[in-house]
2 protein chains.
Amino acid sequence: MDSLKSRRTIRKYQQKDISDELLNDLLVSACRASTCGNMQLYSVIVTRDEAGKAALAPAHFHQPMVTEAPVVLTFCIDLHRFTHWCELRQAQPGYDNFEWFITGAIDALLATQTFCVAAEEQGLGICYLGTTTYNPQQIIDALRLPKLVFPIATITVGWPDECPAQTDRLPLEAIVHQETYHDYAPADIDRLFAYKESLAENKQFVLENAKETLAQVFTDVRYTKKDAEAMSKALYEAMKGQGF
Amino acid sequence: MDSLKSRRTIRKYQQKDISDELLNDLLVSACRASTCGNMQLYSVIVTRDEAGKAALAPAHFHQPMVTEAPVVLTFCIDLHRFTHWCELRQAQPGYDNFEWFITGAIDALLATQTFCVAAEEQGLGICYLGTTTYNPQQIIDALRLPKLVFPIATITVGWPDECPAQTDRLPLEAIVHQETYHDYAPADIDRLFAYKESLAENKQFVLENAKETLAQVFTDVRYTKKDAEAMSKALYEAMKGQGF
């Protein structure tokens, strides 16, 4: 499947809609992904209206893809539908806890990624918005998510209007361990990150940010400890607030 | 992509190995999945040895796929490798928290599902083991996972030796919401779950368990509140124990 290897994230889209027929066909494929106990513990919110995109934009730090893509999809952990079914069937559900939050996240993410693969196979481009777990409460409010429903992945989808270079990846030996986890000696880290550190764009990144190393760009600029601790608190509280 | 729609989980495998070449090729495809900030916050542990499978089997409640499949893959959230790189580059990492646990889980699960799609396209069969989040500590011990590494998905992989019927799925309207979440009236739940409740195998399931409704089979037999609360506690403690 060459499209899996040649793929790239697409952030610029043509001014061209995605038909309901195609979108639904892709969602049917997504729903064939593996799911715990065949419970399908997820929902997908489709945002096409300008007003809906404008409502989501602040949660995603106004990244332009949100308002420029024809379709924004928010994949949610959903224990509400299954719980509601149980309650209507004289059954006592016990799905309002951390185990089922994580199980629902797994279910939702397998469906999300299957959607993405199917969409790219049809020539569409997608972009994951990492901001979903930064500002979950804003998304919960904008999409009117009830208790036991939680946004875990947002993707923008559209017909590509760019063809960026593929980004680098670590060599496979950095990721794959045989039989047990093999820890990395300093020399391993040097070797495995050498290519990434050698890239002109990354050297430029270090220079622009007046840092000594690429890692410092991550820790001091892009993803700081302070931000992560504040986001952890907000994420945990939003999870609790949704009833988990 | 017809294989996405016609897929089924495979639990019985031929006594035939998967070559390193094919496995690595599939893992390369998996690593092209979207990843937060191109940080690739995951590791994959490949278990092929009998001893390794035997060590994992108890954590997976001795499901036969674990010892019978030629390959077992444990996909892990991995903040350790990135943190180690930061520490060797005079950078102060802040990835030992809930936000990055969830971000790592998203990264790992997108790679896992991409692997599965690629594997099925090559004629292989896969099975997700939901037990991974039930007994994480046993898996952490068996695979010798260091701090900031956490198992989030296990799949068994092999050449299919069965072709089971496809399982049912809820109608698409059960899963997809336009613009905002639309809650389910009791009549909606009746309609959306009618097909599932009508299936002979599910009626048999109710009968065998001496229950009144299919939902009660889930709440009283398969996934009880009591088990979920114990598993939530163990999962949370294992997460904390791994340093998040």
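Two strands pair if DSSP finds at least two bridges between them. Strands (E, at least two residues) and helices (H or I, at least four) are DSSP runs, numbered from the N terminus. This is a predicted model, in which local features need pLDDT of at least 70 and side-chain atom pairs count only at pLDDT 80 or more, while totals for chains, interfaces and linings use all residues. Residues are numbered from 1 along each chain as its sequence is written, chains are lettered from A and ligands numbered from 1 in the order in which they are written, and side-chain values use heavy atoms, with hydrogens and water left out.

Start with the sheet. Five strands form an open sheet with mixed pairing, in the order β3(A)-β4(A)-β2(A)-β1(A)-β5(B). Its edge strands are β3 (125–129) of chain A and β5 (176–178) of chain B, each pairing on one side only. On average, neighbouring strands are turned by 25° against each other, direction ignored. Axes here are lines fitted to C-alpha atoms, for helices over the stretch in contact, and angles run from 0 to 180 degrees between N-to-C directions.

I126(A) has V157(A) in β4(A) as its bridge partner. Helix α6(A) lies across β1 (42–47), β2 (71–78), β3 and β4 of chain A. It runs at about 150° to β2(A).

Now turn to strand β1 (residues 42–47) of chain B. Six of its six residues are buried. Buried means under 20% relative accessible area, exposed over 50%, and partly exposed in between (1.4 Å probe, protein chains only). Both faces of β1(B) are covered. Y42(B), V44(B) and V46(B) are buried on one side; S43(B), I45(B) and T47(B) are buried on the other. Strand β5 (residues 176–178) of chain A pairs with β1(B) in the parallel sense, over three bridges. There, H177(A) has I45(B) as its bridge partner. β1(B) is also joined to strand β2 (residues 71–78) of chain B, by six bridges, and these two run antiparallel. Y42(B) stands opposite I77(B) in β2(B).

Next, a loop residue. H60(B) is found between α3 (50–56) and α4 (64–68) of chain B. It counts as buried, at 0% relative accessibility. Beyond its neighbours within four places in sequence, H60(B) is in contact with V66(B), L129(B), T131(B), T132(B), I139(B) and T154(B). Contact means heavy atoms within 4.5 Å.

The aromatic residues come next. Over all chains, the structure holds 30 aromatic pairs. The rings of F82(A) and F218(B) have their centres 5.1 Å apart and their planes at 80°, so this pair is edge-to-face. Rings of Phe, Tyr and Trp (its six-membered ring) pair if their centres lie within 6.5 Å; planes under 30 degrees apart count as stacked, over 60 as edge-to-face and the rest as tilted. The pair crosses between chains, from helix α5 (residues 80–87) of chain A to helix α11 (residues 214–222) of chain B. F82(A) is buried, with a relative accessible area of 3%. F218(B) counts as buried too, at 5%.

A further edge-to-face pair is F98(A) with Y236(B), with centres 5.8 Å apart and planes at 80°. F98(A) lies in helix α6 (residues 98–121) of chain A and Y236(B) in helix α12 (residues 225–241) of chain B, so this pair joins two chains. F98(A) counts as buried at 8% relative accessibility, whereas Y236(B) is partly exposed at 27%.
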